[in-house]
Amino acid sequence: MIRTTRSRTIVLITFALTLIAAIVAIGIGSVHIAVPDILKTIFNGREEGVYTTIIWDIRLPRVLLALIIGANIAISGALLQAVMGNPLADPGLTGVTSGAAAFVLLIMLANPEYTHLIPIAAFVGGLLAATIVYALAWRRTGITPITIILSGVAVNALCGGVIGFLSILYSDRLPSAVQWLNGSLAAKGHASLQMIYVYAIIGWILSIFAIRKANIIRLGDQVAVNLGENVTRIRILLSILAVFLAAISVAAIGMIGFVGLIVPHMARLLVGSDYKYMLPMSMAMGAIVLLLADTGGRTLFAPLDIPAGILMAVIGGPYFLYLMRKRAF
């Protein structure tokens, strides 16, 4: 009971901190806006004024996009970790991100007239990459961290080759995709937000219904079978949901690495392994982590706008090595 109350409190505090961080992030930039002015502009709607343009047309869509995508990737990582039974599962390491990116780039560079199909292409690419990784990593004794990593390396290399080939073949169109390839939220506005928010809400609702199943397979295959569950079907459905959330995020802003690895691990340390608390905790922490990465990228090196994907790689790489060093899996 004490553990439950503590976990619930931590989750609520994290959501409150995420909201505060979002408001502060809206005010940070080349034009500083005080918190009272931010709240006044938001609640007064689209009245004429300088702050209205900055907040409604530039910063608010970007902040909301960072929150949504951070939450998506973190939930995706948490679900993949439940499916594979180890904390090294991540949309990036398992090839889902690069598979989705290869298919999206195929449309962006080779068939730009089908841009409206990018979310579907990202989902198909991510699902195909995840299927290949599962097939390569699966052994009779189950899936081990080392087989996931090696399979993920192989699939990432394959997708990286496809991305490189497309980049050379359509080099004249590449500048428009460079920011996207690095996971940037720069110049992302209402169009990107409108493209992703419906899919994200659907994914979040399905994730709530997946909590019980994630907790069951976390207990082990034998326990799940004894409870009358079809383990294979649960793994497939949770994997599809995880790929869906990661793929729509890639479709919106490109490849963001390590959020799906770092955040669920930190959430597990704070609230335990019960997905009733771990999943919403991952959602809130994923949102705030990507928001901080994006805000840091556009302010620390101003006037340069460093993509959030680059900052996450700089932070996530050492953290991944730390996990391996500590044998946290």
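The text below looks at salt bridges, a pair of helices, a surface patch and a loop residue.

Please keep in mind that this is a predicted model.

**Salt bridges**

The count of salt bridges comes to 4.

| Asp294 | Arg62 | 2.8 Å |

What does the salt bridge between Asp294 and Arg62 tie together? Asp294 and Arg62 meet through their side chains. Asp294 belongs to helix 12 (residues 275-299) and Arg62 to helix 3 (residues 50-84), so their contact joins parts that are 232 residues apart in sequence. Asp294 and Arg62 are both buried.

Is Asp305 buried, partly exposed or exposed? Its relative accessibility is 27%, so Asp305 counts as partly exposed. Arg62 has a relative accessible area of 10% and is therefore buried.

Glu229 is in the loop between helix 9 (221-226) and helix 10, while Lys213 is in helix 8, and the two are 16 residues apart. Glu229 counts as buried because its relative accessibility is 15%, whereas Lys213, at 27%, is partly exposed.

**Two helices side by side**

How do helix 8 and helix 10 run relative to each other? The axes of helix 8 (residues 190-218) and helix 10 (residues 231-253) come within 9 Å and cross at roughly 155°. Angles over 145 degrees count as roughly antiparallel, and helix 8 and helix 10 are therefore roughly antiparallel. Their crossing is left-handed.

**On the surface**

Ile13, Leu17, Ile20, Val24, Ile28, Val35, Leu39 and Phe43 make a nonpolar surface patch of about 700 Å². Helix 1 (2-27) and helix 2 (35-43) each supply at least two of its residues, and helix 1 gives the largest share, 4 residues. Val35 lies in helix 2 and, with 38% relative accessibility, counts as partly exposed.

Finally, Glu113 is found in the loop between helix 4 (96-110) and helix 5 (118-137). Glu113 counts as exposed because its relative accessibility is 51%.

Terms used: Residues numbered from 1 in each chain as written. Predicted model: local features only at pLDDT ≥ 70, side-chain atom pairs only at ≥ 80, totals over all residues. Heavy atoms only, no water. Patch = residues over 30% accessible without salt bridge, like charges linked within 9 Å, V, L, I, M, F, W, Y side chains within 5 Å. Areas by Shrake-Rupley, 256 points an atom, 1.4 Å probe, with all protein chains shown as cover. Buried < 20%, exposed > 50% of the residue type's maximum accessible area, 1.4 Å probe, protein only. Axes fitted to C-alpha atoms, helices over the stretch in contact; angles between N-to-C directions. Parallel < 35°, antiparallel > 145°, perpendicular 65-115°, else oblique. Left-handed = near helix turned anticlockwise from the far one by under 90°.
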